[in-house]
Amino acid sequence: ALLTWGDYLYNVGTLHSFYKAQKEKTTLVFAPVLCGAGLFILIKGFAAADVVNDTFYLFFYLLLGALWVRVWMPWLRLMGIFWRDDALERKNHSALFVVIAFIFGATACYGGANIGDGPGWWCVVVAGGIATLAWLLLWQILMVVGGLSEKITVERDLSAGIRTAGYGIGSSIICGRGAAGDWTSALQTVIEFSSAWPVIALLILAILVEKLSGPPKSNQEYQQHSPSHFMAIVLASFYIVISIIIVYYSPSLP
């Protein structure tokens, strides 16, 4: 965890002052710290009793979570987004939103896998792996079908980045819920993950939104009061809120 995040912070810190990306630097440093704090609260409150009451295991799972998020970050390249190049050097705020959503989403999937009792750390890895892989595959479908990589990295469509980030966070909440619960077996974990099926409906909704959104307007990123930006914020918030409601009204944890 220290090596991988040390490399991340090194890349952020050594960006040449020529790029003048201080706000972007601060955001990319603050986001994982905030997620780490949230993960600590979640593990402390909802993990297995032997983890909650043991400082060593508490920090073991916290560091495992930090490593987890960083290890999955190369998936952003499959989405066509390079966090350092796009979010920092090019100061593409559309890409920045997606990178932040990715960090939060990977944390949510791993965090959900920590909820409940189990015989060991491998239970968290299996449940978290199922949740994270499902979350990323579905997000990848949205990126491809909606042509979002081009909109975000080339056209710098800020509205598209906000909507994509909202879907990424919302879907991760549902997938994290699917990974939660007491451990029985690997097969049973897969079966119980079916409780996250509403994420399919969320994906279909997001695809429809992208198909109806049309091409971005010229210089849209710099239109601070653009109505399309406001609508994008509303849609992103809707994705997140509806995901929370879905989790709240889901059946009791297994």
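Among contacts between residues at least 6 apart in sequence, 79% join residues at least 24 apart in the chain. The model is predicted.

**Overall dimensions and surface**

- Taken along the principal axes, the C-alpha atoms fill a box of roughly 55 × 40 × 25 Å.
- Of the 254 residues in the chain, 47% are buried.
- The accessible surface comes to about 12600 Å², and carbon and sulfur atoms account for 71% of that area.

**Helix α2**

- Helix α2 spans residues 22-46, which is 25 residues.
- From its first C-alpha to its last, α2 reaches 36 Å, close to the 36 Å expected at 1.5 Å a residue.
- The buried residues of α2 are Glu24, Lys25, Leu28, Ala31, Pro32, Cys35, Leu39 and Ile43.
- Cover for these buried residues of α2 includes the helices α1 (2-13), α3 (49-52), α4 (55-72), α6 (83-89) and α7 (93-113).

**Tyr61 in helix α4**

- Tyr61 is found in helix α4, one of the elements that cover the buried residues of α2.
- With a relative accessible area of 7%, Tyr61 falls under the 20% cut-off and therefore counts as buried.
- Leaving aside residues up to four places away in sequence, Tyr61 touches Ile43, Val51, Tyr110, Asn114, Gly120, Trp121 and Val124.
- One of these partners, Ile43, is itself among the buried residues of α2.
- Tyr61 and Leu3 are separated by 58 residues in sequence, and their C-alpha atoms are 17 Å apart in space.

**Thr164 in helix α10**

- Thr164 lies in helix α10, which covers residues 158-178.
- The relative accessibility of Thr164 is 0%, so this residue counts as buried.
- Not counting residues up to four places away in sequence, Thr164 touches Val98, Trp139, Met143, Leu148 and Ile152.

Technical notes: Residues numbered from 1 in each chain as written. Predicted model: local features only at pLDDT ≥ 70, side-chain atom pairs only at ≥ 80, totals over all residues. Heavy atoms only, no water. Buried < 20%, exposed > 50% of the residue type's maximum accessible area, 1.4 Å probe, protein only. Contact = heavy atoms within 4.5 Å. Areas by Shrake-Rupley, 256 points an atom, 1.4 Å probe, with all protein chains shown as cover. Helix = DSSP H or I, 4+ residues; strand = E, 2+ residues; numbered from the N terminus. Expected span 1.5 Å × (residues − 1).
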